[in-house]
Amino acid sequence: MAPVTGALLSLDDVRAARERIGGRLHRTPLLSSRTMSERTGADIHFKAELFQRTGSFKPRGVLSKLATLSEEEKRRGVISISAGNHAQALAYASAVAGIDALVVMWQTASPMKIAAAREYGATIDTDAPDIPAAFERLDELIASTGRTLVHPYDDLAVIAGQGTVGLEIVEDLPDADVVLVQVGGGGLVSGIATAVKGTRPDTRVVAVEPERSCALHQSLEAGRPVTVEAKSIADGLNGPYAGENCVEICSRLGVESILVSEEALRDAFRFMYVRMKLACEVAGAATAAALLAGVAELEPGSKVAAVVSGGNVAPETAAAILAADEA
């Protein structure tokens with residue numbers, strides 16, 4: 001069967017992004033799980049992207065994008081908006097590339113992630129009280145500073161960079177039947193789907209979102225990006241809307257969409273800590289939540305790769321969820 005393409009992006013684009021990134025990032029491991037395999041009746045492997053630099057897949061897309069900038073754009077600096085993981089990635093990658101970075105966050109974002117982004121060297125703007133106001137603030141600062149936007153998920157160079165996760169999956173598990181990907185704005189699943197469908201067209205790519213933060217799910221149903229009020233405990237997946245490019249790519253590539261409950265996310269978080277020994281965020285446990293809740297509809301014996309990202313959970317969040325299991 002011929003490779004499937006999302007039209008906006010191709011397998012060659014993802015391969016070119018890997019060349020742009022070079023050897024500056026980790027190749028993260030694909031870890032098997034006998035316990036999860038026994039529970040699901042499938043052969044489960046977790047792509048441990050929480051071990052990536054800055055704790056998530058995000059530097060892949062940022063480094064890919066920064067490598068495409070002109071010297072004038074680099075001189076003016078870059079800007080973005082983030083709940084935390086993209087902020088840290090932009091700060092880290094910009095420091096590596098010698099580019100000044102400004103990140104818009106909001107006052108209710110994770111204090112730990114705000115502090116981490118500052119420590120990597122970015123300037124952090126927290127004037128906005130909430131997510132909608134932060135996007136307005138972003139537009140104001142782009143206009144006033146002339147900085148280049150490095151969108152957290154809807155830039156094609158960023159999406160291509162995130163797709164390098166998919167290249168590694170198909171190289172390490174070439175006969176994968178299903179790839180599960182957690183979703184906030186849709187950049188990661190769009191990139192992975194481009195890589196996977198470009199090499200193995202019959203492999204299912206499944207987007208996993210919280211019921212309380214399902215922008216991509218609703219957008220795929222509507223056939224266009226829609227805005228949602230995102231309120232999941234998985235703060236890293238609380239995107240208010242899915243990217244326009246992401247919606248088109250996922251629609252063209254036939255990406256499936258499933259939802260998980262807040263309780264399923266908590267149960268999966270505990271599983272990842274206790275059984276897998278992976279200190280992921282609640283967002284990183286979303287694919288495990290889909291597996292444990294049985295919503296992915298897996299064929300017996302099928303081979304499954306499930307992405308786990310990121311690894312920047314606040315200690316108090318982890319402690320509260322783990323303690324609830326003991327109560």
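Mentor: Let's start with a term: on a 1 Å grid over the protein atoms alone, a cavity is a set of points where a 1.4 Å probe fits but cannot get out, and its lining residues have an atom within 4 Å of a point. Grid points are joined across faces, edges and corners, and a volume is the space filled by probe spheres set on them. This is a predicted model, where local features need pLDDT of at least 70, side-chain atom pairs count only at pLDDT 80 or more, and totals for chains, interfaces and linings use all residues. Residues are numbered from 1 along each chain as its sequence is written, and side-chain values use heavy atoms, with hydrogens and water left out.

Trainee: What is the volume of the largest cavity?

Mentor: The structure holds 1 cavity of 30 Å³ or more. The volume of the largest cavity is about 450 Å³.

Trainee: Which residues are the closest to its centre?

Mentor: The largest cavity is lined by 34 residues. Closest to the centre of the largest cavity are Lys58, Tyr153, Gly184, Gly185 and Gly236.

Trainee: Which element gives the most to the lining of the largest cavity?

Mentor: Helices (H or I, at least four residues) and strands (E, at least two) are DSSP runs, numbered from the N terminus. The elements that give two or more residues to this lining are α5 (85-97), α7 (131-145) and α10 (187-199). The top contributor, with 3 residues, is α10.

Trainee: Is Thr54 buried or exposed?

Mentor: Look in the loop between β2 (43-48) and α3 (58-66), where Thr54 sits. Thr54 isn't a glycine, yet its phi is positive, near 70 degrees. Buried means under 20% relative accessible area, exposed over 50%, and partly exposed in between (1.4 Å probe, protein chains only). Thr54 has a relative accessible area of 9%, so Thr54 is buried.

Trainee: And Glu297, buried or exposed?

Mentor: Glu297 lies in the loop between α14 (286-293) and β10. Glu297 also has a positive phi, about 50 degrees, although it is not a glycine. With a relative accessible area of 65%, Glu297 is exposed.

Trainee: Which residues is Gln107 in contact with, leaving aside its neighbours within four places in sequence?

Mentor: Find Gln107 in the loop between β4 (101-106) and α6 (111-120). Contact means heavy atoms within 4.5 Å. Leaving those neighbours aside, Gln107 is in contact with Thr126, Asp127, Ala128 and Pro129.

Trainee: What kind of peptide bond joins Ser309 and Gly310?

Mentor: Gly310 is in the loop between β10 (303-308) and α15 (315-326). Omega between Ser309 and Gly310 is about 10 degrees, and the bond is cis.

Methods
On a 1 Å grid over the protein atoms alone, a cavity is a set of points where a 1.4 Å probe fits but cannot get out, and a pocket is an open set with protein on both sides within 12 Å along at least five of seven lines; lining residues have an atom within 4 Å of a point.
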